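Student: Please take one part of this model and look at it closely. Then place that part in the rest of the chain.

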Amino acid sequence: MASTMAHLLPRHIQNFSEAASLEWHFGYAYRSRPCTNDAGSCSYLDSVYHSHDLGMLYCGIIWATILAILFIWCVYTYSSPKTDEQLALVHTMENATIAAGTLERLKRSISSYRRQYLLQEFARPVFGRTTRLQILIFATLTGYLTVFTFVGIVYNTWVTPVKKMPGVYNTRTGLGPWSDRIGVLAYALTPLSVLLSSRESILSLITGLPYQSFNFLHRWLGYIIVVQSSLHTISWCIVEMRLYQPQPTTGREWIGQLYMIWGVIAMFFLFVLFILSTPWAIKRTGYEFFRKSHYVLAMLYIGACWGHWAKLQCYLIPALVVWFLDRGARLVRTGLLHYKYIGGGSSMALCSIDAAITHFSDSVNGDVVRLDFQHLQHPWSIGQHFYLTFPNSSLWQSHPFTPLSHPVLQSGFVQHSYIFRAKSGETAKIARLAAAATSQSPDKPSTRSSTPVILSGPYGVSEVDNLSSTTNILCIAGGTGITYTLPVLLSQITGCNCSSPRKLKLIWAIRQKPDMKWVQPELDRLHEASKSVDLDIQIFVTREAPIHLDNTNTSTLPASKINEIVTINEKDTTASYSPSMTSSDSSANTTVILNTCCAPKSNNPTALCNPDAARANSITIERRGSLAAAPPEVRHPDLQKLVQEFVESTVSGLTTVYASGPGDMISDIRHAVAGVNDGARVWKGDMRACVELKCDDRLEW
């Protein structure tokens with residue numbers, strides 16, 4: 001304590017040698033009692049300690065509020081119906097008498113109103129692809145912090161003499177206590193920032209939301225901490241280097257103290273963290289460098305904060321505990337998946353999994369790789385994802401991938417299937433490995449090569465727990481985003497209820513028609529299911545020119561084309577494109593009805609519904625224009641119209657939209673889903689106007 005008091009003497013102008021007692025203050029230096037300084041200095045010290053005590057109280061209120069919100073959220077999450085049976089009972093009651101479900105209608109109406117007005121994005125140039133709800137939460141937190149930053153501080157000026165220096169005066173103002181307050185708030189927010197960033201998320205367990213849902217708040221809370229720390233530093237520089245006298249002696253003595261050296265180091269780490277986390281820096285250094293450096297720099301920053309002001313360790317210790325628990329849980333997950341007995345059961349070792357590679361060559365857009373393997377484990381929940389490490393490439397990098405397979409336990413094993421586009425880094429290395437292992441053909445990809453894989457996970461939450469047998473489902477995917485939506489449909493067609501009036505539909509936008517081969521087995525199964533359930537599949541080919549058959553006799557076409565019926569007008573190939581053209585413009589569309597390209601296999605399992613009630617549904621392929629001529633407005637499907645048409649075509653019940661794809665697609669879908677929600681209609685009993693959106697936005701900014 002003596003060393004602490006020694007370096008605080010110049011700052012707090014207290015004479016501890018004359019103190020009759022020392023007064024303890026939580027998170028701050030001891031107060032010397034009685035005050036033997038001049039009246040102005042004693043009044044200033046009263047203001048400093050009072051403001052600090054209030055600041056600690058406000059931090060406690062902030063954390064009490066956060067914990068109360070999480071508690072209420074947890075109770076709501078785990079008290080709501082989860083299983084299909086419970087939800088089916090709720091919907092049966094609604095169908096019997098809507099009046100009996102007043103509470104349910106109220107809850108659904110509030111949810112619909114929330115999506116109607118808060119699901120759309122706001123100020124994208126500033127906040128990125130962020131919904132109005134996220135901005136509202138951030139604005140509420142910012143307002144809360146702003147109030148506690150300024151309340152309870154005495155804004156006054158005290159001009160006090162400098163001891164043993166006649167005619168020299170210090171100017172003491174409310175700037176010092178205010179600077180301390182904002183610094184304390186920055187410390188108090190540090191464990192919250194770590195909580196929001198954790199992959200092994202405690203917040204996910206409490207709220208039922210996937211951990212990536214908190215990325216926006218983590219990022220912007222980090223910006224708040226940067227601003228608070230900067231203002232704290234600038235303010236004390238003004239106080240110590242300008243207002244306190246004599247100068248420059250006072251300033252030099254202040255900056256040379258140990259706690260100030262650690263403060264400068266902490267600010268350095270914080271600014272490096274901030275710069276490396278910007279989209280500009282991530283694009284230039286790569287995501288893996290950002291992720292690894294973020295981990296290291298965050299811990300160095302917390303350590304430097306400890307060196308700067310250890311009395312606030314009450315906020316730093318929880319942050320460190322959460323950080324180490326997160327990393328430890330990751331190792332445990334990996335160990336549970338991969339540690340097994342070897343050598344006849346005499347020892348255990350970490351064993352990788354051998355994954356078969358299918359390589360789809362695409363020199364224009366980037367090769368696509370499919371991985372298939374089986375692993376002895378418990379099934380994961382649909383919507384969860386794994387982090388995959390490729391030892392042949394690097395043990396120090398892992399990438400998140402969503403399995404496209406339906407997690408069903410068969411003889412203790414679960415089938416894993418993944419697809420990803422190889423652009424650069426580790427994914428490109430895997431693609432080159434597959435390409436080098438065997439000769440490739442665009443029409444006949446090879447599956448003879450393999451690579452070892454190490455899994456970590458699963459992460460995220462189940463996305464189908466709240467689905468009942470009457471919920472309508474619309475899945476929208478772009479490119480490799482199909483991995484997020486396919487398992488949802490596969491889970492719903494297995495053991496399905498053929499008498500249910502629900503509708504199922506898949507909308508998939510791909511660049512070229514051969515891209516369908518990425519998930520050919522899964523499309524075959526969906527096509528088989530479309531004979532017995534109300535399932536439609538609509539595929540948009542966005543970068544492939546339409547097939548122009550004119551009056552060609554289709555009987556002369558090769559077998560691979562004989563089942564394609566193309567409707568096209570002569571003017572279609574010469575019409576100029578304009579941004580005003582939509583999917584309703586005949587000059588922009590080519591429709592292909594595919595009847596046998598995805599024909600069911602004779603040896604498919606009979607887990608589907610009774611095929612006796614066969615339907616005439618087909619996979620519809622629509623070419624949207626050539627790569628060179630058509631702008632994005634023409635090539636891309638009109639998602640707002642498609643979502644609206646699907647909801648209007650449903651007979652009854654709720655609708656859930658699952659989406660995964662490029663950022664622009666997610667933005668359009670959010671706008672479309674917000675447009676079809678109507679809280680007033682839901683309150684009147686029309687549940688079709690209650691449309692929920694679940695999207696895979698792990699990599700959104």
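Tutor: Gln 410 stands opposite Phe 413 in E12. Leu 409 stands opposite Val 414, also in E12. Strands here are DSSP runs (E, at least two residues), helices are runs of H or I with at least four, and both are numbered from the N terminus. The model is predicted, so local features need pLDDT of at least 70 and side-chain atom pairs need 80 or more, while totals for chains, interfaces and linings use all residues. Residues are numbered from 1 along each chain as its sequence is written, and side-chain values use heavy atoms, without hydrogens or water.

E11 pairs with strand E12 (residues 413-421) in the antiparallel sense, over two bridges. Two strands count as paired if DSSP finds at least two bridges between them. E11 and E12 form a hairpin with two residues between them. Ser 411 sits in that turn, with a positive phi of about 55°.

On to E8. Nine bridges join E8 to E12, again antiparallel. Val 368 stands opposite Arg 421 in E12. Seven of the nine residues of E12 are buried, so the strand is mostly covered. Buried means under 20% relative accessible area, exposed means over 50%, and partly exposed lies in between (1.4 Å probe, protein chains only).

Seven strands form an open sheet, in the order E10-E9-E13-E7-E8-E12-E11, with antiparallel pairing. Strand E10 (394-401) and strand E11 (409-410) stand at the edges. Each has a single partner strand, so one side of each lacks a neighbour in the sheet.

The buried residues of H17 pack against strand E8 (368-376), helix H16 (482-493), strand E15 (504-510), strand E16 (535-541) and strand E19 (619-623). Contact means heavy atoms within 4.5 Å. Nine of the ten residues of helix H17 (residues 520-529) are buried, so the helix is largely enclosed by the rest of the structure. Among the buried ones are Glu 522, Asp 524, Arg 525 and His 527.

Next, the cores. A nonpolar core is a set of buried Ala, Val, Leu, Ile, Met, Phe, Trp, Tyr and Cys residues joined through side-chain atoms within 4.5 Å. The largest has 67 residues, of which Tyr 301 and Tyr 315 touch the most other members. Helices giving two or more residues to this core include H2 (39-79), H13 (287-308) and H14 (313-338). H2 gives the most, twelve residues. Tyr 301 touches Thr 190, Ile 225, Ser 229, Ala 266, Phe 269, Leu 270 and Leu 273, leaving aside residues up to four places away in sequence. A second, separate core of 35 residues includes Phe 360, Ile 510, Met 516 and Tyr 658.

Finally, the chain as a whole. There are 21 helices and 21 strands. Buried residues make up 51% of the 701 residues. Among contacts between residues at least 6 apart in sequence, 73% join residues at least 24 apart. The chain exposes about 32300 Å², with 62% of it supplied by carbon and sulfur atoms. Accessible areas come from the Shrake-Rupley method with a 1.4 Å probe; for residues, only the protein chains shown count as cover.
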